[in-house]
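Dear colleague,

Please find below the structure that I am handing over to you, together with its sequence.

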Amino acid sequence: IAEDGHDAWLRYARLHEATAKQFQSLPKLVVTLGDSPPIGSAQTELKRGLARMLGREIRASKQTPTQDFILLGVRDQIEEMFANLHVPELAPDGFWLDWTEVGGHKALVIAGGSDRGPLYGTFALLGKIARGENLETLDEVQNPAAPLRWINQWDNLDGTIERGYAGPSIFFENGSVRADLTRAREYARLLASVGLNGCVVNNVNADPRILDDAFIPQLARIADAFRPYGVKLGVSVNLSMPKTVGGLDTFDPLDPRVQAWWAHKFDALYRAIPDFGGVVVKADSEGQLGPSAYGRTPVDAANVIARALRPHHGVVFYRAFVYNHHLDWKDPKADRARAAYDIFHPLDGRFDDNVIVQIKNGPIDFQVREPASPLFGGVKQTSKAIELQITQEYLGQQRHTVYLAPMWKQTLDFDMHVDGHDTPVKSLLRGVVGVANVGMDANWLANHLAMANLYSFGRLAWDSNLSAEAIVDEWMRLTFGNDPEVVQKVREIQMESWPAYEHYTGPLGLQTLTNITGPHYGPAPESQERNGWGQWIRAEHDGVGMDRSVSTGTGFVGQYSAEAQKQFETAAATPDELLLFFHHVPYTYKLHGGKTVIQAIYDFHYEGAAQANEFVNTWETLERKIDPDRYQAVLAQLSYQADHAIVWRDAINDWCLRTSGISDAQDRVGHH
Ligand code: GCW
């Protein structure tokens, strides 16, 4: 099934006869206007999808048709060729699907605002067919929620991937771009199928050789692999490049020689790759050099690159993940969560308009639960992107199934109350960025069920109002078919997977209590504490949690709007699931439900582990309904997860027992 693996949710499995029947009246001819690469791919995809799902061969033509037809094209071209056909207004990447009549023939129109639109529309149409949806009343306009919908890969040039769990890089090998970029092309197809339009291919901890003159032609080959699917190539750059590889004795962003260096570099890059998308920058963070080396600010750094990209219409994603990882843990006011806002809020309004500040969903680092970063509301006159993590760094590294859309939606829907108005995070975004870290593994993320995360990331970037259930339902049907029992049970596993993982790793806002100084895998609560990384939970004998209130704590809560502050400033107001993120309370503190904190921690761990075990039972009922390869692979993964959840449960509970000295009311903890 190797090939099906690569296809992920684009398998186009043959439909049952009864389902296929309802598509009998689909035209057998496709008329394609224009010959740009994405429109060509749309036509190829349409033929492939209909052949595989319905066993139907369709003919392609560029002529005025004399029979019913499917029409693929950009809005302007369609209106030019068919004077009576009026296409609604569309955003550049938007599309329109509709039945109409042209010259006495029925036409199914797939129109786009740009040449990516018809491709997105085609994938949408094929998805509907795969799910057996009725097409007769089809008439829909879809426009993306955010114009920049990008993937970041943390691939190193030697082929390893930072926080990648699915084999080596599909882009790089031994310091060069791979000779065979088949997987890169297949990846672009997957990304386009959910509307993603950019991909940064190298690690944000950027190897400065990425823009060497000799490397640029290699990057151009990746851009060639992406182009048919309308995915723009991006790269991560390092601020120090003018000095480390550029031959200058400085990388001070305000030095005219440095400015000239960047301008010259991007001129060369755009000569090789005219549709290059832009760059992402990690600076002054975790050892990466940055503007602070010269007493300059992120504005100086971002703008020097932005100005070099501007003539070519490129963008700079400047990451707000800037913090001091040598914090003094003995200082009760020290708080890593404050860093992004403290640094970027004062700079609001000074970034060039092709700079997008890229903000991780939460103020720490992709933990199992964090509040939304206050910075989304803190830079009003700056373009913003949210950075979400698809690769499950702190979330079980794909050995655990954890469906992330419900978690992401919590952040996207969180109301920042900017200037007293309803302003959910999703309404503030120009970009949505996902760290995916797929690898050469046949199914990209090394876990069939984890592919729901890549899928849902794209769907939410396109339409942040979709529900997590609706998305997983779509993905399910495309991946495993339409059998109602399969759909229902896999949906159940996916929807319960994040709460389960939270329960057996770090409930009540404790964050993922994993080995933060090591691989970020497995339980190691002690590693959070007493070091410079600032992921402290302050589990002391008297109580547990970080006091981030304004009145007695680090003041982090004060970074939110007045309205949002009310939800977090006091322990009584804070929702249980974030209590210990915001407050230090005695173990005997009573939650809203009446349980003590310590008893809730114990109980959650037992519940979470039991839930994980239930996933195995649920999956086992599907044995005869899923092909043996995927059935076995998922069974092995879920069984491992169920066992590892017990390890987590006991490790954390034992540690909490030792720290608190309070025993479990049910007397389960500490007896192994
Ligand atoms: O989550 C942390 C990771 C690092 C990563 C960093 C970042 C690429 O542990 O591996 O570096 O975040 O986002 O820059």
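**Findings**

F366 lies in the loop between β14 (355–360) and α12 (375–378); helices (H or I, at least four residues) and strands (E, at least two) are DSSP runs, numbered from the N terminus. This is a predicted model, in which local features need pLDDT of at least 70, side-chain atom pairs count only at pLDDT 80 or more, and totals for chains, interfaces and linings use all residues. Residues are numbered from 1 along each chain as its sequence is written.

Although F366 is not a glycine, its phi is positive, at about 55°. F366 is buried, with 23 other C-beta atoms within 10 Å. A residue is called buried if 20 or more other C-beta atoms lie within 10 Å of its own, exposed if 12 or fewer, and partly exposed in between, with C-beta atoms placed from the backbone.

E286 is found in the loop between β12 (278–281) and α10 (298–309). E286 is partly exposed, having 13 other C-beta atoms within 10 Å.

Both E286 and F366 belong to the surroundings of the ligand, together with W154, E162, R163, N203, V204, N205, K282, F321, D365 and E393. Here a residue is near a molecule or strand if its C-beta atom, placed from the backbone, lies within 6 Å of it. By class, this shell has six charged, four nonpolar and two polar residues. In that count Ala, Val, Leu, Ile, Met, Phe, Trp, Tyr, Cys and Pro are nonpolar, Asp, Glu, Lys and Arg are charged, and the others, Gly among them, are polar.

T382 is placed in the loop between α12 and β15 (383–389). With 24 C-beta neighbours inside 10 Å, T382 counts as buried. Leaving aside neighbours within four places in sequence, T382 is in contact (C-beta atoms, placed from the backbone, within 7 Å) with D348, G349, F351 and V357. T382 and N354 are 28 residues apart in sequence, and their C-alpha atoms are 9.7 Å apart in space.

Two helices may also be of interest. Helix α3 (residues 37–54) has 18 residues and spans 25 Å from its first C-alpha to its last, close to the expected 26 Å; the expected span is 1.5 Å times one less than the number of residues. Among the buried residues of α3 are I39, L46, L50 and M53, and their cover includes β1 (29–32), β2 (59–61), β3 (69–74) and α5 (117–130). Just after α3, G55 takes a positive phi of about 65°.

Helix α6 (residues 182–193) has twelve residues and reaches 17 Å, close to the 16 Å expected. α6 is mostly covered, with nine of its twelve residues buried, including Y187, L190 and L191. The cover of the buried residues of α6 includes α5, β7 (148–155), β10 (198–202), α7 (216–226) and α14 (451–462). Just after α6, G195 has a positive phi of about 80°.

At the level of the whole protein, the division is into domain 1 (2–142), domain 2 (148–480) and domain 3 (525–546 + 584–660), with bounds from an automatic or database domain assignment. The C-alpha centres of domain 1 and domain 3 lie 46 Å apart.

Yours sincerely

Conventions:
Contact = placed C-beta atoms within 7 Å.
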